Amino acid sequence: MLRFARLYSAIDETNKTTGKVAAMVEYFKVAPPADAAWAVHFLIGRRPKRLVKGPNLWGWAREEAGLPDWLFAESYEAVGDLAEAMALVLPEEAYAPNDAVPIEDKTLTYWVESRLLPLGAMDDAAQQQAIVAAWRELNMLSRFVFNKLITGAFRVGVSQDLVIRALSLASEVPGPTIAHRLMGPWLPTAEFFQTLIAAGDGETQISQPYPFALAYPFEQEPDALGDIRDWHAEWKWDGIRAQLIKRQGQSFIWSRGEDLITDRFPEIKSVCDALPDGTVLDGEILAWEGSRPMKFLELQKRIGRKVLSKKILEQVPVVLQAFDILEYDGEDIRQRPLSERKAILETIVNPISPLRPIFLAEEVEAESWHVLAERREQSRDMNVEGLMLKRKDSAYLVGRKKGIWWKWKIAPMTIDCVLIYAQRGSGKRASLYTDYTFGVWHEGQLVPFAKAYSGLTDEEIGRVDSWIRRNTLQRYGPVRSVEQQLVFELAFESIQLSTRHKSGVAVRFPRIARWRHDKSAEQADSLDTIKDMLKSL
């Protein structure tokens with residue numbers, strides 16, 4: 001456990017990618033395979049759900065520390081992170097300091113499987129006894145990491161790509177092979193880790209998807225890409241990215257978030273069933289009406305439903321826009337050029353599409369970049385986000401690789417809003433107010449319109465945080481209402497009427513475009529302005 005805690009600390013204490021990767025490489029080379037498997041599980045974001053109620057943890061730590069409730073609250077306020085606050089306030093005379101090594105430093109696997117996971121089946125009294133006993137066995141650093149796992153808030157500053165890079169360096173197995181083996185369902189066991197870093201390609205499980213290829217945002221003039229004839233352009237659909245897998249007579253549909261969604265979209269499963277054996281397609285699941293996609297918010301009505309009624313299937317029918325093929329006749333063809341893969345895809349889709357809800361993603365043809373830019377301006381009318389630009393000779397690579405795939409989105413819609421509520425962030429922003437709720441005017445009052453968490457610089461975040469602390473009106477648990485003074489321009493991709501929101505509208509991907517120092521709260525936009533936007537769409 002101490003080895004894993006020191007890895008967490010090493011990653012957390014550096015901003016350098018090389019330092020983070022080096023720390024993980026060292027860990028993976030020496031950790032027992034079962035510990036390494038759990039470490040991969042946590043580092044790539046597969047956190048355990050919260051097993052203990054937050055107020056209970058708060059009370060038990062306060063009781064152990066012998067602190068009055070107000071003082072523990074002040075300590076938590078100063079630190080901004082419950083796991084760290086609990087680790088810090090426990091009395092030194094009864095608990096090991098940060099640099100102490102426990103007499104018996106048990107494995108991460110022991111602490112997860114024997115001490116953490118069983119908490120979910122205990123009552124409050126048993127949980128308290130087990131957690132206090134754990135605190136007393138761990139030093140402060142290990143206690144802090146253990147607390148992170150208990151609260152379900154384990155986060156550390158590495159991406160899955162960095163974890164894959166470290167595993168590749170530690171094992172000398174190519175990164176794409178590691179990435180593929182991490183896809184789909186797996187259990188953090190010693191056997192899994194040994195398979196993960198084993199030499200050779202290994203056998204592909206019949207349900208296992210491939211890592212998705214992703215695109216970078218394109219923000220230059222398109223002439224910078226050279227000859228337009230070297231590029232394939234297609235619409236950037238706004239739906240659920242999915243891989244359809246047909247192997248050994250079985251059908252599987254995976255989302256980009258690695259959720260198995262086969263049963264949620266029976267129409268798309270029928271497509272999958274019709275594919276030749278040994279086929280994997282990449283595409284976008286879209287809510288579809290007539291000859292065009294519906295807005296993503298319509299598709300959301302089906303996401304997460306365990307039971308699909310006849311009514312919802314009729315109201316929100318779906319189709320698949322297929323734009324790539326990754327496996328053909330059981331062969332991985334990702335390294336073949338896009339133009340060749342597109343030709344194979346056409347032979348697969350054309351026989352199916354007259355009877356099934358599947359279409360080939362349309363190529364957007366243009367003789368020049370200028371003409372293509374004009375076509376891109378039609379995006380909002382078509383309920384798409386812009387264009388995808390892909391080199392015709394490109395392979396299907398893992399993750400984002402600059403220069404071969406670009407997403408050329410249309411300019412977002414914007415609105416000027418007033419900051420009305422704020423809440424602390426998470427991770428390194430746990431002590432700062434970085435989660436904001438914005439309002440727009442309606443009948444002389446500001447009504448909540450959208451939440452946003454990104455778009456400001458670190459310097460701006462610090463200034464807004466300081467202002468929030470000086471201008472708090474009321475507190476509602478972790479949320480503060482503030483003076484109605486600060487105006488921000490919010491950008492978003494689409495807008496739609498919604499009965500689930502107090503404002504009556506919902507927006508997609510809201511983020512802060514800029515801080516409007518030049519505007520007063522009275523000059524912010526109104527709900528009527530937003531509804532006029534809807535009428536123009």
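Leaving aside neighbours within four places in sequence, Thr109 is in contact (heavy atoms within 4.5 Å) with Ala34, Asp35, Trp38 and Ser114. The model is predicted, so local features need pLDDT of at least 70 and side-chain atom pairs count only at pLDDT 80 or more, while totals for chains, interfaces and linings use all residues. Residues are numbered from 1 along each chain as its sequence is written, and side-chain values use heavy atoms, with hydrogens and water left out.

Thr109 belongs to helix α7; helices here are DSSP runs of H or I with at least four residues, strands are E runs of at least two, and both are numbered from the N terminus. With a relative accessible area of 13%, Thr109 is buried, where buried means under 20% relative accessible area, exposed over 50% and partly exposed in between, for a 1.4 Å probe and protein chains only. The side chains of Thr109 and Asp35 are joined by a polar contact of 2.6 Å. Such a contact is a pair of N or O atoms within 3.5 Å; within protein, one must be able to donate a hydrogen and the other to accept it, and residues adjacent in sequence count only if both atoms are side-chain atoms.

Helix α7 (residues 108–116) also holds Arg115, which is buried at a relative accessible area of 15%. A polar contact of 2.9 Å links the side chains of Arg115 and Glu137. Beyond four places in sequence, the contacts of Arg115 are Tyr110, Ala130, Ala133, Ala134 and Glu137.

Just after α3, Gly45 adopts a positive phi of about 100°. Helix α1 (residues 2–12) has Leu2, Phe4, Ala5, Leu7, Tyr8, Ser9 and Ile11 as its buried residues, and these pack against α2 (17–30), α3, α7 and α9 (140–151).

Helix α11 (residues 175–182) is likewise largely enclosed by the rest of the structure, because 6 of its 8 residues are buried. Those residues are Thr177, Ile178, Ala179, His180, Arg181 and Leu182, and their cover includes α3 (33–43), α10 (160–171) and α12 (190–196). Gly184, with a positive phi near 80°, follows α11.

Turning to a helix pair, the axes of α5 (residues 69–79) and α6 (residues 82–89) come within 9 Å and cross at roughly 125°. That angle makes α5 oblique to α6. On the α5 side, Phe72, Ser75, Tyr76 and Val79 meet Leu82, Glu84, Ala85, Met86, Leu88 and Val89 of α6. By class, this contact of α5 with α6 has 8 nonpolar, 1 polar and 1 charged residues.For these terms, axes are lines fitted to C-alpha atoms, for helices over the stretch in contact, and angles run from 0 to 180 degrees between N-to-C directions. Angles under 35 degrees count as roughly parallel, over 145 as roughly antiparallel, 65 to 115 as roughly perpendicular and the rest as oblique. Ala, Val, Leu, Ile, Met, Phe, Trp, Tyr, Cys and Pro count as nonpolar, Asp, Glu, Lys and Arg as charged, and the others, Gly among them, as polar.

Finally, His232 lies in strand β3 (residues 231–235) and is buried at 8% relative accessibility. A polar contact of 3.0 Å joins its side chain to that of Glu234.
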